[in-house]
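Student: I am new to this structure. Please show me how to read its features.
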Amino acid sequence: MHAQTHPIATEPAIATYQLTSWHYGSAGSGGKAYIQASLHADEVPAMLVAHVLRRELERLDAAGRIKGEIVLVPAANPIGLSQVVHGMPLGRFDLGSGVNFNRAFRHVADELKATLTGRLGADANANVAAIRAAARAAVDGWEPTNHTEVLKKTLLALAIDADIVLDLHCDNEALLHVYTGTALADRVQPLATLLGARALLLSDVSGGEPFDEACSRLWWDLAAHFGPGIPIPPACAAVTVELRGEMDVRYDYAEHDAQAILQYLAREGLIDMPAAAAAAAPLPAPLCTPTPLEAVEPLNAPQSGVLVFLKALGDEVKAGDAVADIVDPVTGNTATVRASRDGLLFASTAHRHLLRGMQVCKIAGTTPFRSGSLLSQ
Ligand SMILES: [Zn+2]
């Protein structure tokens, strides 16, 4: 086990930032997993899960039970963690640029389509190795123009060649849910099951270039580009894990979630945990089946006012059901927000006064109906 310190901002006249990554096992001795917590810096449950993971990974590494390499970044956004305005932590957007910290990651597929032409063949393993080397070089060539881009480049460089990437977030108020690529559904389902996820949301392109897709989407983009004669598997299982809501910071949750992640890594061959983790070990019953992200219905406030929920997280709603009221406190006019299709109420805002157009909640259905940018702002 060793730590690496990555300078993010070092100019002498301003605040400095650095990032710390913990490395367990040894690089090149097997697979690689990369885990980061709280890229959105005000999504705190992830950092407590990372705290438990660090304790367990130290113990496992000391016992020689890490197979390959596991990289843990327990606080992935030192810039966001330092943003406090009038006593309010603001960690989702870079206050300097307004850019969401989990958007605008460099997507290297187009560059690799050019650099890898003529260099891939019929051997899938050789293709994976060549693509990882080219992807590392492409990220290395990213020339950041500000400190937040330095941070994004540093995170992506740590993760781009991993077999498994877990980006740990949370929602405002939510059940535990998971986002991943459509091609990764079968591989990620055991993780969702071990975590007890209530929704496993799939997309090929969710829009906005989030971190997990910067690691995973290049594989299916390149497979589509080079065609069936050149085998390219979806070699990076990149997942965004939403660890319930912002206030769900509890030791019991963190212990449960960390153990689920460790068991998943064991099933993937990265940890020697024979009692819990052989690939053949039975999984608990899944709490959800994979559904398309295009089938998630976001409901928005039709007017400004006080938000009163009529349904609770975890409720199965039917098309036409009243989910919430928005009460104008001056006139008394009350607008009822209704679901337009069936689904599971799995996430909601943490605010109880909304302006017109703000998001009330999200409902996971099963039939795709949306397109374009599929993620929240
Ligand atoms: Zn987030």
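Tutor: A crossing is left-handed if the near helix is turned anticlockwise from the far one by less than a right angle, and right-handed if clockwise. This is a predicted model: local features need pLDDT of at least 70, side-chain atom pairs count only at pLDDT 80 or more, and totals for chains, interfaces and linings use all residues. Residues are numbered from 1 along each chain as its sequence is written, and side-chain values use heavy atoms, without hydrogens and water.

Student: What is the hand of the crossing of α5 and α7?

Tutor: Right-handed. Helices are DSSP runs (H or I, at least four residues), numbered from the N terminus, and strands are runs of E, at least two.

Student: At what angle do the axes of α5 and α7 cross?

Tutor: Axes are lines fitted to C-alpha atoms, for helices over the stretch in contact; angles run from 0 to 180 degrees between N-to-C directions. Here α5 (residues 147-159) and α7 (residues 211-226) cross at roughly 40°, their axes coming within 10 Å. So α5 is oblique to α7. Under 35 degrees counts as roughly parallel, over 145 as roughly antiparallel, 65 to 115 as roughly perpendicular, and the rest as oblique.

Student: How do α4 and α7 pack?

Tutor: At about 120°, with the axes of α4 (residues 124-140) and α7 12 Å apart. That makes α4 oblique to α7 as well. The α4 and α7 crossing is right-handed.

Student: Is D61 buried or exposed?

Tutor: Buried means under 20% relative accessible area, exposed over 50%, partly exposed in between (1.4 Å probe, protein chains only). D61 is buried, because its relative accessibility is 16%. D61 sits in helix α1 (residues 45-62).
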